[in-house]
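Please look through the structure shown here before reading the explanation that accompanies it.

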Amino acid sequence: MAALPRNCLVTVGATVGFKQLTEQVLHPAFWQFLSSEGFTSLRIQCGPDISWASAQLTSLQDDVPQGLTVDVFESTKNLMKDEMLLCKASNGSRRNGLVISHAGTGTILDAWKVGLPVIVVPNEELLDNHQVEMAKHLAKEGYAITSTASYTDLQGAIHKVDLLWEDNKSRWPPHAVKPQKNPGGLRLWDMHPQEVEKEEDAQMAND
Amino acid sequence: MARSIIVFSLASIVALGSAIFTITSSPRLLKRSTLTIVASGIALIIFASTRHIQLLSHRSRKRSTRRPNPNSQNDRIQRPPMDYNLFVLGSGGHTKEMLMMMDDGFCDFSHFHRRYLISSGDSMSENHLHDYEESLASLCKSRETSPGTYDKRIVTRARRVHQPLWSTPWTALLSIVDIFPALLVPPENEVGRKLRYPSRVFSNGPATGFFVALAVHLLKMTYIVPESCMKVIYIESWARISTLSLTGKLLLYTGIADVFVTQHQEVAARYGVQNAGEIVFNSRRLDDIEPSPAKC
């Protein structure tokens, strides 16, 4: 049986770029690894580094393993609709893929919504930026696996993310009974100011 | 109390006006009328601060949200039979979060109007909004409920990302000029004819959110809008894990939000506010929207 397509998306954000990560995922050794994991396509959104990345890809074209296609592009209007859906498993025609992302909240929320495993690579060069903090939080809560921008670390992360994905299936089952996914949490539509009298009554009762 | 404040402020405004008139008509009376101006100016300041403090004292001190009654069967706060809410959409990221928080499968929107404030030039938010409303409409259709109505208002952006702080006041002023009509002009439909003002104003972190809250506060200070309307509900962005955003800090320290919650325990504990949990993850996921049973 021919292997089903399995897509990997790398995204670095539209404005700043993340050359370190772009460099690492354009490494032929990383391509070999992806190919051995059953990936058939690697698409890299590289923002402002696009001209460098496409030149690099052209020069390495001969090293692309058989059965894997590698593409680079600058950005797209709607990353979720245009690219992430291509990574999503589809009944009998595609295996569930993977997103490797900078720690931008938009991308992470999109990947969560689509239902894709995520590897988060914080861009440590950005100062006064909450990427590292966000990545730590995501790992702690089990939303994603974090990695550094090095292809050997990424390989380890890809192994780990598959395990995490199996765990999360029970945590966030599709078609979960509504309304509460996070117990004790609140819903936007239920938010109303507290009445002052009531609160003061409660305080007096506590005193 | 309220009536005396109004009389007091009207008197000071009249005094101020007549004093200015006297100055312009006869320069000889300059000294005396300057005194009147100073006196009535002070009176106005007293009025404004009294009214400000009065408004703040009417709010619950903790700015926390009401918890649904745990004993009630359906675990929900009853929504009024007719409602009109306003949502401040910021840049792409904020909009995405806001729409995810809204998209939690709730679909009881009959006689419910949603108004969205969108910053000028923010086509990304408009696209996201369009997708959200489309998906809500199909959800309501499948449940045979009404999706309600919505409209959009475009306002000048209060602060572009990375815009220097010193130039913010000017763009903010332009933004406020657009915000007032968006708050005051009722929607042109059945709901708008019954309800003049939105009952709640939701925001989650864009700078425009603070200016909307400020505009609401000014409208309430001047008795144009009753206090029972336009409750400002501020939900700090999910991206803020350990510190509040600038908008969040401004709203917290001025005290002009009616509800102030965060989505992470760490930041909630640091500022002594309520943690509402990660509300963004209430969102429906693609699997909830389009069931795809088989997985490989």
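The paragraphs below take up the sheet of chain A and then the domains of chain B.

This is a predicted model, in which local features need pLDDT of at least 70 and side-chain atom pairs count only at pLDDT 80 or more, while totals for chains, interfaces and linings use all residues. Residues are numbered from 1 along each chain as its sequence is written, and chains are lettered from A and ligands numbered from 1 in the order in which they are written.

In chain A, six strands form an open sheet with parallel pairing, in the order β3-β2-β1-β4-β5-β6; helices (H or I, at least four residues) and strands (E, at least two) are DSSP runs numbered from the N terminus, and two strands pair if DSSP finds at least two bridges between them. The edges are β3 (69-73) and β6 (145-146) of chain A, each of which pairs on one side only. Strand β1 (residues 6-11) of chain A runs parallel to β4 (residues 95-101) of chain A and is joined to it by five bridges, and Val10(A) has Ile100(A) as its bridge partner in β4(A).

In chain B, the domain assignment (bounds from an automatic or database assignment) gives domain 1 (2-65) and domain 2 (80-288). Between these two domains of chain B, 12 residues of domain 1 are in contact with 14 residues of domain 2, contact meaning that C-beta atoms, placed from the backbone, lie within 7 Å. Helix α2 (residues 30-57) of chain B supplies the largest share of the side of domain 1 that touches domain 2, namely five residues.
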